[in-house]
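User: I would like to learn how to read a fold from its coordinates. Can we go through it feature by feature?

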Amino acid sequence: MRRRLAALALLPLIFAASGAQAAPADPVGDLIMSVVTGALPSGPGWNLKATLYHAGAKGVGALDALGCKVVAMRTVAVDKNLIPRHSVLFIKETVGLKMPDGSTHDGYWYASDAGSAIKGKRIDLYTGATARSMAATKGLDLSSLTAIKVGDFQGCPPG
């Protein structure tokens, strides 16, 4: 048994010596592992001020800046000069918030929108269809949120 364990321990060294290349980064796999292990994701991060918006507000449409349907408690508007669109963000302060379907928020948001007032270290979180949807974020300190880029998405954010 010890010989088998020792042989398994040597496998990474054998592959490294043979010139084998490391596996490419897998952000989706990293997200799954962070949920399984309970560890917080890591990556480039920002301390940001946040505002909230909803579909009933003046100037807010049903589509985001990518032309995709906005998704309650998932869509975030960003300054594309700071945070690239198509980024998956983990905002730890939003973990545990109540989602529209009654489930608990896992902290993952999708940078797919922009706004004229979203400049620099500021984000805008889409809460839902009406002003009432903002109630889910009650108690959230919008003056200081921590956003970590944990990956990228293709096309439109999942709904």
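Analyst: We will go from the overall fold to strands, rings, a pocket and a few loop residues. Keep in mind that this is a predicted model.

User: Start with the layout. How many helices and strands are there in the chain?

Analyst: The chain has two helices and six strands. Read from the N terminus, the elements run α-α-β-β-β-β-β-β. The chain has 159 residues, and buried residues make up 34% of them.

User: Take S5. In which sense does it pair with S1, and in which sense with S2?

Analyst: S1 (residues 45-54) and S5 pair in the parallel sense, over six bridges. S2 (residues 75-77) and S5 pair in the antiparallel sense, over two bridges. Now go down to residues. Leu125 in S5 has Leu52 opposite. Val76 also stands opposite Leu125.

User: Why is S5 called largely enclosed?

Analyst: The cut-off for buried is under 20% relative accessible area. S5 covers residues 122-128, and six of its seven residues are buried, so the rest of the structure largely encloses this strand.

User: Now S3. How do I read the two faces of a strand?

Analyst: Side chains in a regular strand alternate between the two faces of the sheet. Apply that here. Ser87, Leu89 and Ile91 lie on one side of S3, and Val88 and Phe90 on the other. Both faces are covered. Five of the five residues of S3 are buried, so the strand counts as mostly covered.

User: Phe90 and Tyr108 both carry rings. How do I describe them as a pair?

Analyst: Two values describe a pair of aromatic rings: the distance of the centres and the angle of the planes. The count here comes to three aromatic pairs. One of them is formed by Phe90 and Tyr108, 5.1 Å centre to centre with 55° between the planes. That makes the pair tilted. The pair links distant parts of the chain: Phe90 sits in S3 (residues 87-91), Tyr108 in S4 (residues 108-113), 18 residues apart.

User: Are these two residues buried or exposed?

Analyst: Phe90 is buried, and Tyr108 is too.

User: Which residues lie nearest the centre of the largest pocket, and what is the lining by class?

Analyst: The lining has 17 residues, with Tyr53, Val60, Ala114, Gly115 and Asp124 nearest the centre. By class, eight lining residues are nonpolar, five polar and four charged.

User: Last, the loops. Which residues there have a positive phi without being a glycine?

Analyst: Look at Met73 and His86. Met73 has a phi of about 60°, and His86 one of about 75°. Met73 is in the loop between S1 and S2. His86 is in the loop between S2 and S3. Met73 is buried, at 1% relative accessible area. His86 is partly exposed, at 27%.

User: And where does Leu142 lie?

Analyst: Leu142 is in the loop between S5 and S6 (145-152). Its relative accessibility is 25%, so Leu142 counts as partly exposed. Compare sequence with space: Leu142 and Leu125 are 17 residues apart in the chain and 9.9 Å apart, C-alpha to C-alpha.

Note on methods: Residues are numbered from 1 along each chain as its sequence is written. This is a predicted model: local features need pLDDT of at least 70, side-chain atom pairs count only at pLDDT 80 or more; totals for chains, interfaces and linings use all residues. Side-chain values use heavy atoms; hydrogens and water are left out. Buried means under 20% relative accessible area, exposed over 50%, partly exposed in between (1.4 Å probe, protein chains only). Helices (H or I, at least four residues) and strands (E, at least two) are DSSP runs, numbered from the N terminus. Two strands pair if DSSP finds at least two bridges between them. On a 1 Å grid over the protein atoms alone, a cavity is a set of points where a 1.4 Å probe fits but cannot get out, and a pocket is an open set with protein on both sides within 12 Å along at least five of seven lines; lining residues have an atom within 4 Å of a point. Ala, Val, Leu, Ile, Met, Phe, Trp, Tyr, Cys and Pro count as nonpolar, Asp, Glu, Lys and Arg as charged, and the others, Gly among them, as polar. Rings of Phe, Tyr and Trp (its six-membered ring) pair if their centres lie within 6.5 Å; planes under 30 degrees apart count as stacked, over 60 as edge-to-face and the rest as tilted.
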